[in-house]
Amino acid sequence: MLGRSANGVFWMARYLERAENTARLIDVGFHLALTRGDRSSQEEEWKSVLTTTGQLEDYSEKHTEFFGPQVFNYLLRDRDNPASVLQMIEFARTNARMVRTSITDEVWEAINETWMTLRDVLSRPVRETNLGDVLSTIRSQATLVRGAMEGSMLRNDVFNFARIGTFIERADSTARILDVKYYVLLPSVAWVGSSLDNVQWDTLLRSVAGDRAYSWLNAGTMDPREIARFLILDGRFPRSLAFCYDKVRSNMAGIAMQYGGETEAHELLRDAGAQLHQLDIEQIFDRGLHEFLQDVIAKTNRIGACIAAEYRFIE
Amino acid sequence: MTSSTSASKYDEMFNPDGTVRPAYADFRDWYDTQDPAWLKRQDAEAERFFRRVGITFNVYGDDDGEERLIPFDMIPRIITAREWRKLTRGIEQRVRALNAFLQDLYHRQEIIRSGRLPIHYLRDNDAFLSQMIGFTPPGGVYTHIVGIDLVRTGPDEFVVLEDNARTPSGVSYMLENRETMMQMFPELFTKIPVRPVSDYPRRLARSLRACAPTCAAARPVVAVLTPGIYNSAYFEHAFLADEMGAELIEGSDLRVMDGRVQMRTTTGYTPVDVIYRRVDDDFLDPLTFNPESALGIPGIMDVYRSGGVTIANAPGTGIADDKAIYTFMPEIVEFYTGEKPILKNVETWRCIEEDSLKYVLDNLSDLVVKEVHGSGGYGMLIGPAASKKELNEFEAKLRAKPENYIAQPTLSLSTVPIFTSKGLAPRHVDLRPFVLVSPDGIDITPGGLTRVALKKGSLVVNSSQGGGTKDSWVLDE
């Protein structure tokens with residue numbers, strides 16, 4: 001396949017994943033705003049959503065307040081925000097158009113329909129009363145595209161590059177979400193065990209749609225260390241770092257098999273993936289959770305860049 | 001032809017007395033038994049289908065770069081087997097002449113020596129590429145894909161409006177329109193014997209492979225070269241590549257290496273044998289043509305001239321569909337085929353000639369004036385529809401640069417009904433059949449693109465000017 005096409009499907013998948021992750025974060029921010037009365041802690045929550053998506057700085061240039069509807073409209077549809085959900089979907093579609101011949105009709109139509117639907121839904125300011133509908137539309141459209149890919153694409157290098165895009169983005173997102181909130185999982189705070197902590201932990205799990213799975217696995221007991229283990233090391237949970245890295249690895253293995261050899265990216269990936277299998281959660285806390293997450297974010301980035309270079313994404 | 005002269009108007013579906021013509025008899029029988037409300041719903045459904053599939057085009061000069069749909073009208077344009085036979089004979093003759101003409105222009109130039117074509121038509125023409133002189137493309141084919149624009153002026157009269165010998169577009173609409181009709185009204189195709197068009201991409205692929213250079217792989221690698229997603233015809237480029245199983249490439253994917261044109265794949269560079277390019281000559285090779293172009297592939301012309309790649313259509317074919325050269329087509333056909341042209345030209349005045357210019361200026365309000373190098377319906381004047389101010393402006397343009405213009409009478413274009421909320425209403429149409437040329441012969445797909453002016457009385461069918469399209473049926477014997 002063309003290097004440009006590999007680049008296209010990789011970014012198509014990344015942008016879709018990013019749009020969906022942003023929608024999840026907004027959902028959590030909103031949920032918290034509903035459960036917390038005072039204005040300043042609401043603003044803190046919205047601020048941390050912006051921090052997680054890396055948009056705090058840009059937002060602050062335009063606004064001084066962190067008022068809910070202003071923040072989520074910025075994140076969803078602000079024309080000045082190059083990382084809004086609407087913009088992500090447009091980028092995803094532009095990439096899909098660019099690689100139109102590499103993807104199936106079903107995938108293209110799913111993405112095109114997603115773009116048309118969201119462009120329509122996001123053509124007017126979103127109010128608190130319809131935010132829930134908007135977010136669930138984003139999630140279900142992302143699911144539609146994923147389903148179309150899963151159900152219609154050949155399992156070849158095209159599919160592999162798309163999946164790698166998805167899971168690199170997801171690993172990055174989960175690591176960032178954890179890193180912004182890592183302090184709520186630290187022992188000094190956990191020891192207090194207040195109801196506020198319970199809310200914070202729940203928030204963290206919800207941000208990655210892991211609240212139900214975690215509760216089910218742990219019979220409803222909230223334990224910060226167990227939460228961290230679940231989100232970082234549990235290979236059964238589709239948004240954990242271990243799961244994402246396993247997926248990147250298996251797709252990279254597929255590419256190595258088709259192309260008859262490995263690249264430096266495979267090497268980097270082996271190193272980064274190893275620690276997710278060899279370390280236990282105690283060792284991660286001993287090393288420093290924040291440092292560990294920073295390291296994961298940096299390595300994930302490096303792997304993405306190395307894949308792009310090795311497979312000639314651009315000239 | 002603003003159809004005020006209804007006496008000369010030819011409707012393809014109805015006789016002047018309101019009875020239906022034989023070509024449309026079966027369709028009419030079916031149409032009359034349909035529930036009008038259901039037809040209206042189907043009409044709206046068609047638009048949703050096109051949007052979802054993403055069959056859109058971008059309009060040049062539109063600020064928002066919005067993707068538009070070309071409106072689709074669900075009443076088919078029907079051509080009988082007998083009409084088609086005659087048409088194809090005429091088209092084939094014309095396409096043979098076009099290729100012979102190009103071969104001659106870039107070699108001995110017999111037509112100029114014979115005095116039938118004044119040399120200044122070549123000398124002063126940017127479409128004539130000196131880089132092509134003395135070179136014969138692989139297989140001897142210049143125009144691999146041709147779209148001949150025809151209008152109908154009477155029961156047996158088809159007239160050629162334009163020969164598109166560079167990169168004719170619209171074939172994807174021919175295919176998608178048929179697909180849409182078959183989805184919306186499947187039973188129609190069981191009742192009426194319509195010749196299929198769906199194998200066009202396979203024929204195109206076969207035709208292009210047949211023109212591969214001698215150094216090509218056993219199964220030549222064919223790729224479609226597009227300017228990219230912001231090009232107005234990008235959908236078509238992707239569509240054709242997809243249907244042919246060919247790579248869709250951009251200039252940035254290509255590089256000249258080891259005497260071949262190679263594309264950048266995830267595992268390295270690999271040679272391309274046949275490039276179906278949908279970019280203009282100017283943007284092919286910055287070393288040879290436009291040094292400003294960021295789109296081209298430096299050195300591709302050297303590879304081409306040394307036989308390392310086939311470019312379809314060949315660079316320099318634009319000279320054959322130039323509007324000034326068009327006026328010589330009757331002579332060109334006769335010169336190279338030794339036969340009388342089967343298809344007529346529209347009578348055309350070359351404003352560069354003094355007598356013609358005088359006639360054109362005296363009769364401006366009755367004529368259509370076109371730029372010699374223009375396309376897409378831009379920069380033209382339709383005399384009968386123009387305001388006093390527009391006429392004056394054009395007169396000034398004509399006086400300033402007469403060599404840039406040709407003029408034609410306003411033709412009495414035929415009409416075919418379109419579907420409206422108030423029932424059938426006649427609108428003017430043209431027809432663009434698609435022709436493939438390879439060393440194996442000339443292949444004309446039975447059908448084509450019918451463009452229709454959706455505005456009542458309008459003669460401009462270009463999609464960029466608000467025209468629509470119809471499915472075009474050629475009936476089986």
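## Ground rules

The model is predicted, so local features need pLDDT of at least 70 and side-chain atom pairs count only at pLDDT 80 or more, while totals for chains, interfaces and linings use all residues. Residues are numbered from 1 along each chain as its sequence is written, chains are lettered from A and ligands numbered from 1 in the order in which they are written, and side-chain values use heavy atoms, with hydrogens and water left out.

## The parallel sheet

Let's start with the sheet of chain B that runs in the order 7-6-11-12: four strands, open, with parallel pairing. Strands here are DSSP runs of E with at least two residues, helices are runs of H or I with at least four, and both are numbered from the N terminus. Two strands pair if DSSP finds at least two bridges between them. At the edges sit strand 7 (247–249) and strand 12 (310–312) of chain B, each pairing on one side only. From one strand to the next the twist averages 25°; axes are lines fitted to C-alpha atoms (for helices, over the stretch in contact), and angles run from 0 to 180 degrees between N-to-C directions.

Strand 11 (residues 274–277) of chain B pairs with strand 12 of chain B over three bridges, in the parallel sense. In that region Ile275(B) stands opposite Ile311(B) of strand 12. Helix 8 (residues 200–209) of chain B packs on this sheet, touching strand 6 (222–225), strand 11 and strand 12 of chain B, and its direction makes about 130° with that of strand 11. Contact, here and below, means heavy atoms within 4.5 Å.

## The antiparallel sheet

Chain B also has an open sheet of three strands, in the order 8-9-10, and here the pairing is antiparallel. Strand 8 (254–257) and strand 10 of chain B are the edges, each with a single partner strand, so one side of each has no neighbour in the sheet. On average, neighbouring strands of this sheet are turned by 45° against each other, direction ignored.

Strand 9 and strand 10 of chain B run antiparallel and are joined by four bridges, and a hairpin links the two through two residues. Two pairs to look for: Met263(B) has Thr270(B) of strand 10 as its bridge partner, and Arg264(B) stands opposite Tyr269(B) of strand 10.

## Where chain B meets chain A

At this interface 27 residues of chain B are in contact with 28 residues of chain A. The two chains bury about 2,400 Å² between them, 45% of it on carbon and sulfur atoms; buried area is the accessible area (1.4 Å probe) that two parts lose on being put together, summed over both. On the chain B side, Arg52(B), Arg264(B) and Thr266(B) lose the most area to chain A, together 30% of what that side buries.

The rule finds three salt bridges across the interface, a salt bridge being a side-chain nitrogen of Lys or Arg within 4 Å of a carboxyl oxygen of Asp or Glu. Asp253(B) forms a salt bridge with Arg4(A), with the closest N and O atoms 2.6 Å apart. Helix 2 (36–53), helix 9 (234–244), strand 7, strand 9 (260–265) and strand 10 (268–271) of chain B each supply at least two residues to the side touching chain A. Helix 9 of chain B gives the most, with five residues.

Pro417(B), in strand 18 (residues 415–420) of chain B, is buried, with a relative accessible area of 2%. Buried means under 20% relative accessible area, exposed over 50%, and partly exposed in between (1.4 Å probe, protein chains only). The C-alpha atoms of Pro417(B) and Met13(B) are separated by 7.2 Å, although these residues are 404 residues apart along the chain. Beyond its neighbours within four places in sequence, Pro417(B) is in contact with residues including Met13(B), Ile75(B) and Lys470(B).

Asp149(B) lies in strand 4 (residues 145–154) of chain B and counts as buried at 3% relative accessibility. Its side chain makes a polar contact with the side chain of Asn164(B) (3.3 Å). Thr445(B) is in the loop between strand 21 (441–444) and strand 22 (449–453) of chain B, and at 0% relative accessibility Thr445(B) is buried too. Leaving out residues up to four places away in sequence, Thr445(B) touches Trp84(B), Met174(B), Val197(B), Tyr200(B), Arg203(B) and Phe434(B).

Technical notes
A polar contact is a pair of N or O atoms within 3.5 Å; within protein, one must be able to donate a hydrogen and the other to accept it, and residues adjacent in sequence count only if both atoms are side-chain atoms.
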